[in-house]
Every structure is written in structure tokens, then in C-alpha cells.
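Please keep the sequence and the model open while reading.

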Amino acid sequence: MSPPASAAGRAPGLSRAQRGNVLISGAGPAGLTLAYWLSRHGFCPTVVERAPAPRDGGQAVDIRGAAIGVASRAGILGALRQARTRTRGMTYVTATGKHLASMNAAFGVVDPADVEIVRGDLVDILHEAARSGAEYIFGDSVTGMAEVPGAVEVTFERAAPRTFDLVIGADGLHSKVRAVAFGPESQFARHLGMYLSVFTVPNDLGLDHWQLIHVAPGKSVTVTSARGNTEARAIFFFASPPLEYDHRDTGQQQELLETAFAGQGWQIPRLLAAMRDAPGFYFDSVSQVRMDNWSAGRVTLVGDAGYCPSPLSGQGTSLALVGAYVLAAELQNADGDHGAAFAGYQRRMRDFVARNQQIAIGNAKRFIPQTRRQIWLQNQTLKTLPYLPGKKLVLDLATKGVREAANAIALEQSPG
């Protein structure tokens, strides 16, 4: 059966002598960035994505440090800044809606050059940039791979089998490419003790580029305006050991979220009621992917598939953009030696990945207070922080680790 959607032929630029046909599994930030740079370097990328179209919605993500350089070199930095969330600040509220403390956007800013953008908007911009340089197959996914001399034979759920020079998994935490090439997810995923859910809701609270945050023991809920205040995102976190559920069963995931937040106050009952019809529902564990090696033969991984740092790092998107850029550059420089390219990619990225993953490990220990006393202490800190002498120094110290980790790689000038 033919895939439901595909690019109508290849772009004129792909008539050049090709360095190889490369299959990229996943049309998220990592896969689309990689498609863009591989096309620029003379490769012939094909992107396969399980969803029927580029995924919309999602929470706000940050692009900072070295990733700003990648966006600038791709010529999309202006578009990213135009689409940024422009969030002005946040307010913490009680179960009855009473305001406890507010902070403007300047508090906790890692670097003024950072870009905060809704993930779906980022995907749209990347897809537009990479659209003409790659073939796209939506509504399909990889089911199997077999390496043969000089190539990889790939089977799909819907499309006919095809042969590629290289296969790159950019298909996220639950990567199918990783599972086929390296083994079960359980060997590599490290659960950080909580779950996350994000979905779109109407901006019924009238938020004007603002966030409201409610924290209960082991739980937090944020409602933030999005896309020029025309809609809002509900973001749920809750502490939990690993749960057994089907990653593709939205109804089951929604039941788990309802159970976790049963009996909670504030706007939570209304948000959960809206959840059933909400577009772009997302639910997953807060986990990291830890692997000794991201490559096997003619297959390698990029972004969350190989080194997911978890949302607690605030660096997952930046790692995806930088990783894709570095991988494409190494393939360009290796002149057909994919083994050397994959080794160079891992060598250049390893410390950068490790430093950014470590941020999440530290944040996991304090992200969701577990007792009412811990919440009270947190609230007192939030109330007094804006009035502390030397508060800028305190905040600079608090964000120093993220700034350093975000810039812990030097981008070589990519040829081509």
C-alpha cells in the first residue's frame, strides 16, 4: 500500500551527485534539522513519520546556547524569534485560586538570546526550511531493518520495502529504530520518577502571555497562554514509579492522568474535563536515554532517540538541533566513510550530552515538592526572592549550570 502522503518528487538541488540515500525516522526537531543539513551537504534524505502530518501543539521549548548558532546558520533564527511565546511571567496559586507569588519573565532567564517557542511552531518552521530538500512519507513507520553489503534494507508498516545507504533514528524516547537496531527500550531508558502530560485548552482564564502554576504534594499543574493568547496549554506533572500502559492508547493515558489528579482543587477538574476533546494530547514518562554507543553498522541515532535528557533539563530541543547539525557535518567530512562519521559525531557530542543530562538529574530531586512543608518553604522563597538584595547574582548563580552546559560544544563551520 502506498503511503498516504509524500513529497511530489525531489527538489532540483537533489539532482547533484548524491553522497547517499539516507532514511530519517521521525519528523520532529532532530529529524527535520538533519534533513535540512543533509540536503545542504548533497545527501538525499527521506523522512518517514508515523503521524499523518507534522505534529502540532506541544509545550513551549527552549532554544539556547549552541542551538542558537545552528538556527542562525540555517537561516531560521529570525522566524523562530518572530514566533516566540513572549511569556511575560508567572503566578503561583493556591487550590482556591489565591495568588501566592509572581515572577516576571526576567527571573530565571538563562540568556536574553534564548528563544522560547511552542514545539509545534518550531516543527512548522523547520519543515518549511527542509521541505524542498527531502522526500517525506507521513502516516508510516519503520518495522524492520537488515544490513546488507553497502546498504540497509528497510520495511515499513504501509510502504513497500526500500534500500538506503544509511538509516538514522530521530524518532524520540520510544524510538522504533533504536529498538530494532539496539534492543528493547528497557535497556536504555532511565525513569526519573515522574510523568508529564500536555494538551491544548481554551484560554478561558484570560491569560495575557502569562502562566498560572498550582503545586500540591507530588503534583504540579501549569496553564500558560499560547499563540498570541488565542489558546492555552495545560501542563501536568506528577510523581510516580514506572507505570504500565500502552504508549499509543490515548484513552488509557487520560485515565491515568485523571486518577493521579482525582480530588485536586483549583482549575484541575475543569482542565481534566476539557482534556477528553483536547487536540494534541501528550502523555509520557519523564525519562532519559543513556547509551554507550549511538551507532550500529549503518544505523545511528540523533536527539531523544539516542540521548534524551528529559524535559527537566530544558535542553532536549537544543540537543536535537545541535546533534543533527554535528551528525550532518561529520557525514559530509567523512567522504563516504560512515563509520568514521558516526565515531566523530559521538566524540564531539558525548560531553555536551552528558553535561545537559546532568542538569535534569539535579532538577529531578527538587522539581515537585513532596510534602506541604516543602511547598510552604518553596512559596516563601518565591515571595521574598524579588526583594532580596543581590537577587540578580542569586539568579545568575542558579542558571549558571544551564548556561555553561548549553554552550559546552564548539560548532565547527559546516562545509557546503
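## Helix α2 and its end

Helices here are DSSP runs of H or I with at least four residues, numbered from the N terminus. The model is predicted. Helix α2 covers residues 66-73. Gly75 follows α2 and has a positive phi, near 75 degrees. Within α2, the buried residues include Ala66, Ala67 and Ile68. Val70 and Ala71 of α2 are buried as well.

## α2 against α9

Two packed helices are described by the angle between their axes and the distance between the axes. Helix α9 spans residues 316-333. The α2 and α9 axes lie 8 Å apart, at an angle of about 55 degrees. The two helices are therefore oblique to each other. Their crossing is left-handed.

On the α2 side, the contact uses Ala66, Ala67, Val70 and Arg73. On the α9 side, Ser318, Leu321, Val322 and Tyr325 take part. By class, this contact has 6 nonpolar, 1 polar and 1 charged residues.

## α1 against α9

Helix α1 runs over residues 29-40. The axes of α1 and α9 come within 8 Å and cross at roughly 30 degrees. Angles under 35 degrees count as roughly parallel, so α1 and α9 are roughly parallel to each other. This crossing is right-handed.

From α1, the contact draws on Pro29, Ala30, Thr33, Leu34, Trp37 and Leu38. Their partners in α9 include Thr317, Ala320, Leu321, Ala324 and Tyr325. Leu327, Ala328 and Leu331 of α9 also belong to the contact. The classes are 12 nonpolar, 2 polar and no charged residues.

## α1 against α4

Helix α4 covers residues 119-130. The axes of α1 and α4 come within 9 Å and cross at roughly 20 degrees. That makes α1 roughly parallel to α4. The crossing is left-handed.

Pro29, Leu32, Thr33, Ala35 and Tyr36 make the contact from α1. From α4 come Arg119, Leu122, Val123, Leu126, His127, Ala129 and Ala130. The contact residues divide into 9 nonpolar, 2 polar and 1 charged.

## The nonpolar cores

The largest nonpolar core holds 79 residues. Which of them touch the most other members? They are Val302, Val322 and Met349. Helix α9 gives the most to this core, with 10 residues. A second, separate core has 25 residues, among them Leu207, Ala232, Phe236 and Ile268.

Setting aside residues up to four places away in sequence, Val302 touches Ala30, Leu34, Ile168, Gly169, Ala170 and Tyr307, among others. The list for Val302 also includes Ala320, Gly323, Ala324, Leu327 and Tyr345.

## Two single residues

Gln357 lies in helix α10, residues 338-364. Is Gln357 buried or exposed? Buried means under 20% relative accessible area. At 4% relative accessibility, Gln357 therefore counts as buried. Beyond residues up to four places away in sequence, Gln357 touches Gln288, Val289, Arg290, Tyr307, Cys308 and Pro309.

Arg270 sits in helix α7, residues 268-275. Its relative accessible area is 30%, so Arg270 is partly exposed. Apart from neighbours within four places in sequence, Arg270 contacts Asp204 and Leu205. Arg270 and Gln187 are 83 residues apart in sequence and 39 Å apart in space, C-alpha to C-alpha.

Definitions and conventions. Residues are numbered from 1 along each chain as its sequence is written. This is a predicted model: local features need pLDDT of at least 70, side-chain atom pairs count only at pLDDT 80 or more; totals for chains, interfaces and linings use all residues. Side-chain values use heavy atoms; hydrogens and water are left out. Axes are lines fitted to C-alpha atoms, for helices over the stretch in contact, and angles run from 0 to 180 degrees between N-to-C directions. Angles under 35 degrees count as roughly parallel, over 145 as roughly antiparallel, 65 to 115 as roughly perpendicular and the rest as oblique. A crossing is left-handed if the near helix is turned anticlockwise from the far one by less than a right angle, and right-handed if clockwise. Contact means heavy atoms within 4.5 Å. Ala, Val, Leu, Ile, Met, Phe, Trp, Tyr, Cys and Pro count as nonpolar, Asp, Glu, Lys and Arg as charged, and the others, Gly among them, as polar. A nonpolar core is a set of buried Ala, Val, Leu, Ile, Met, Phe, Trp, Tyr and Cys residues joined through side-chain atoms within 4.5 Å. Buried means under 20% relative accessible area, exposed over 50%, partly exposed in between (1.4 Å probe, protein chains only).
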